[in-house]
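Please keep the structure in view while reading.

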Amino acid sequence: MNGKVTSVPALAAAVALFGIAQLSWAQAGNWPTRPIRFIAANAPGGGLDIVARTLSPKLSAAFGQQVIVDNRAGAAGSVASDIVSKSAPDGYTIMVASLGGLAVNTLLYKGLTYNPLRDFAAVTWTTSGSNVLVVHTSVPAKSVKELIALAKAQPGKLAGSSGAGNAGHLAAELFNSMAGTKMVHVPYKGGAPAMMDLLAGQVQLVFSSAPTAVPQVKAGKIRGLAVTTASRSVVLPELPTVAEAGLPGFEADNWYGVVTVMKTPRPIIERLHAEIVRALHMPDVKQLLLTQGLEVRTSTPQEFGAYMKSEYEKWATVIRNAGIVAN
């Protein structure tokens, strides 16, 4: 005989693994048979909560089982991520999370037990939310190039931010790095108090979330210079991207996406992906999310997983170079 002889223990192990795989696929074929827990990594009314509650009734109808939104706010999304990472890989726990909760927090906070690349299986990107570079009306800069020139002429004078390690702060630090400027980080507990001080002229600029910035820009109370995403925002189409306005290659997307637990059977992930993407492209869902400054953007699980990895690596470099620490 020319073939290799397989040992009895090895054969037994192979049979056992085959049996487990068959069981997983059989379970996936009947899935779901009970309600699905849809964790939103912030409090009711926040952007992640809005996405989850917009999708929940659509998914309940598609699956024939209730998809129940469970808000788990805390530690900038880390509480929710920790819960999901410890859940059973059976498709009954899914989460809508953001750049911070998935790709950044483990770079900022010590003692977190989950790993964004090891513990979560990507399902799909859901939305792209641009931050908006806005300045107080007293700032003479009318464009990104003029702002860069002003910041270089007055290093350490221009200030603004919305919190340590959040999307706005990271966008500002990436801007500093690429433009060679030294604008000052002034931490706030959120976007709303940062915007209040910007309106009052206490700070000169903020990289603000679109839902917070758009009403003030449209009212003429602050000046919008650019959006941070790779393409223009449909919410403020008149504003250029930072990349096209003076910093080629700049991109800071405040993205949201759905993940579940690693080792969840592939057929379940594919079913979740198909139904979530179908729901996101329903006209009423797209319009509702757009009113919140969130543009629908979907992907395959593989594309979203690769993007999560690239974002982790990108912001790890920014955080390290800027010396950002959570407070």
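A residue is called buried when its relative accessible area is under 20%. The model examined here is predicted. An α-helix has 3.6 residues a turn, so residues three or four places apart point the same way.

Helix α12 covers residues 301-322, 22 residues in total, and spans 31 Å from its first C-alpha to its last, close to the expected 32 Å. Gly323 follows the helix and has a positive phi, near 65°.

Helix α4 is mostly covered, with eight of its 10 residues buried. Those buried residues include Leu99, Leu102 and Leu108. Their cover includes α3, β3 and α12.

How do the two helices meet? The axes of α4 and α12 come within 9 Å and cross at roughly 40°. Therefore α4 is oblique to α12. The crossing is right-handed. By class, the contact of α4 with α12 has 11 nonpolar, one polar and one charged residues. The table names the residues on each side.

| Helix | Residues in the contact between α4 and α12 |
|---|---|
| α4 | Leu99, Leu102, Ala103, Val104, Thr106, Leu107 and Leu108 |
| α12 | Met308, Glu311, Tyr312, Trp315, Ala316 and Ile319 |

Methods. Residues are numbered from 1 along each chain as its sequence is written. This is a predicted model: local features need pLDDT of at least 70, side-chain atom pairs count only at pLDDT 80 or more; totals for chains, interfaces and linings use all residues. Side-chain values use heavy atoms; hydrogens and water are left out. Helices (H or I, at least four residues) and strands (E, at least two) are DSSP runs, numbered from the N terminus. The expected span of a helix is 1.5 Å times one less than its number of residues. Axes are lines fitted to C-alpha atoms, for helices over the stretch in contact, and angles run from 0 to 180 degrees between N-to-C directions. Angles under 35 degrees count as roughly parallel, over 145 as roughly antiparallel, 65 to 115 as roughly perpendicular and the rest as oblique. A crossing is left-handed if the near helix is turned anticlockwise from the far one by less than a right angle, and right-handed if clockwise. Contact means heavy atoms within 4.5 Å. Ala, Val, Leu, Ile, Met, Phe, Trp, Tyr, Cys and Pro count as nonpolar, Asp, Glu, Lys and Arg as charged, and the others, Gly among them, as polar. Buried means under 20% relative accessible area, exposed over 50%, partly exposed in between (1.4 Å probe, protein chains only).
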